[in-house]
Amino acid sequence: VGLLLVIVCANVANLLIARGVARAREIGIRMAIGAARARVVRQLLVESLLLALVGSALGLIVAYWVGKVLLQLGNIAGAPLPIVLRLNGHVVGFIAVLIVATALVFGLVPALHGTHLDIGDTLRGSGRGMAGRGRGQLQLGKLLVASQIALSVVLLVGMGMLVRSMAHLQRAGLGMDRDRLLIVQVDAQRSGYDGPARGALIRDLLARAAQVPGVAAATASNNGLFGGTESRTTLDVAGFTPRSPDDSMVNLDRVGPDYFRTIGGRLLSGRDILASDDRNTAMVAVVNQSFARQFFPVGDALGKHVITGGTDREIVGVIADVQDQGVREPRAARLYVAMLQNSEPADAFTLEVRASRDPAALSGAVGKALLRANAALRLPSNRPLNVLVSDSISEDQMTTRLLSAFGVLALTLASIGLYGVMSYNTQRRTSEFGLRVALGATRGDVIWLVLREAIWLLAGGAVAGIAGSLLATRLLREQLFGVELIDPVSIALAIGALAMAVLLATSLPARRAANVGPMEALRSE
């Protein structure tokens, strides 16, 4: 927002500079009849302040609707954001300070430049004096445009990096087949189930879910997938010596029969948790690849034993790492134990339902089937896994959308500023272009003459912008995923977008300059 404000103010400053050139004779007369330069500068600053006040008043009117649009940009999951946008004393005070600050800072340079003139040459309308004054105004305008381009590069590079990062997040492999998975949360305790009755409830619900048309498989787990909960446990492994207490800590989840087949996990060796793994059989566990590498760096983990909570469990399977709770979740050792071997199932658990079609279309049917077991059954959530994954990266999506909107707006504003400067330059050089044509310059020569200036502005602004973006993008370190802090692709895309914008903004002034004839040049004198 701050960068956009600076870009907007640079555009306004350019307009004020051009306006100062048009008012040069008026300002010269004021100073010739006794007005001090400071008094004229003060008048021009008051005009800038009035411009800022009127613009801000119009902005407050528009802000009500724009605020709704911003909330929609952040509304990822369909639920409204808990944000209320309304005016209060703090907002009005902040806006008032901002108005005065921008009017003073960005109105002062045009005011000082507009009052720095030779009164005699101005009143006489001296061509040499006015031409020199026009060149000075033009150079300042070019500097402002180059600054706009530099700031636009910073925003566009940041936008490109976040868009690429979001693409990586959305395509990130989670170690499972997340499509067509429906995640149903069950609150057993608040539904009136205690102790061993919860084990019977789990079996009943799994059987009912599997009978729903369109359901390919169903299983259960304590923590669920992307449910926001995580369990940890300490364990003992024969032959493993921990260097610190944390070395014996691993993530833990209790899972139901056919858990890994249902979620689409990749079993590397051994077998899945089975329905026969209950309290009447030997205690078993499945570990992930990170667990096997950490505790069994030499040899196979299959058939080894681990002790957790005083219970000895045999490892019957090894599965590839699964991102259970977050896309950004670091790879960590995880232990899966059979849920039905637990004498006291958890107060709440999750059902993972594999659908043969769109899981969202099955959520209603699955919910009704589960409620037939008990009409008072509490199901806090019943949503597809892809929705939960999207919710987990909603902040990243909101940031990407907002910065993308700002980047596009910055590109538009920079193009407008460049168009204004090039149009002013073309009009100032009318006689020069006419003389060149009279001496044999072709239409293409004149167009290239105008485009060359724009290219130099683009090059200067781009170099400064790239340097600035290398520093500014460090602020995005926590938001990036799969993208380095120096991203050549994003830099190339930003420069390419700006180059196209520069060509479009300069094409009309360039064609206008190419159409200038010798007679038109003489009339301009």
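1. The lining of the second largest cavity is made up of seven nonpolar residues, one polar residue and no charged ones. The model is a predicted one. The residues in question are Ile149, Leu411, Ala414, Ser415, Leu418, Leu498, Ala501 and Val502. The volume of this second largest cavity is about 30 Å³.

2. Which elements supply at least two residues each to that lining? They are α12 (394-428) and α15 (488-514). Helix α12 has the largest share, four residues.

3. Cavities of 30 Å³ or more number two in the structure. The largest cavity holds about 50 Å³ of space. Charged residues are well represented in its lining: five, next to three polar and three nonpolar. Asp321, Asp324, Glu329, Arg331 and Arg334 are among the lining residues of the largest cavity. Asn251, Asn288 and Gln323 also line the largest cavity, as do Val322, Pro330 and Ala332.

4. The largest pocket is a separate item. It contains about 1,800 Å³ of space. The elements that each give two or more residues to its lining are α1 (2-22), α3 (37-74), α4 (89-114) and α12. The top contributor is α3, with 17 residues.

5. How many residues line the largest pocket? The count is 41. Val1, Gly59, Leu60, Ala63 and Leu98 lie nearest the pocket centre. By class, the pocket lining has 31 nonpolar residues, eight polar and two charged.

6. Helix α12 deserves a look in both places. It gives two or more residues to the lining of the largest pocket. It also supplies four residues to the lining of the second largest cavity.

7. Is Arg313 buried or exposed? Arg313 is buried, yet it has no salt bridge. The nearest side chain of opposite charge belongs to Asp312, 8.2 Å away. A salt bridge would need a side-chain nitrogen within 4 Å of a carboxyl oxygen.

8. What does Arg313 touch, leaving aside neighbours within four places in sequence? Its contacts include Met283, Val284 and Ala285. Lys304, His305, Val306 and Thr308 are in contact with Arg313 too. Val337 and Gln341 complete the list of contacts.

Technical notes
Residues numbered from 1 in each chain as written. Predicted model: local features only at pLDDT ≥ 70, side-chain atom pairs only at ≥ 80, totals over all residues. Heavy atoms only, no water. Buried < 20%, exposed > 50% of the residue type's maximum accessible area, 1.4 Å probe, protein only. Lys, Arg positive; Asp, Glu negative; His and termini not counted. Contact = heavy atoms within 4.5 Å. 1 Å grid on protein atoms, 1.4 Å probe; cavity = no way out; pocket = protein on both sides within 12 Å on 5 of 7 lines; lining within 4 Å. Points joined across faces, edges and corners; volume = space filled by probe spheres on them. Nonpolar A, V, L, I, M, F, W, Y, C, P; charged D, E, K, R; others polar.
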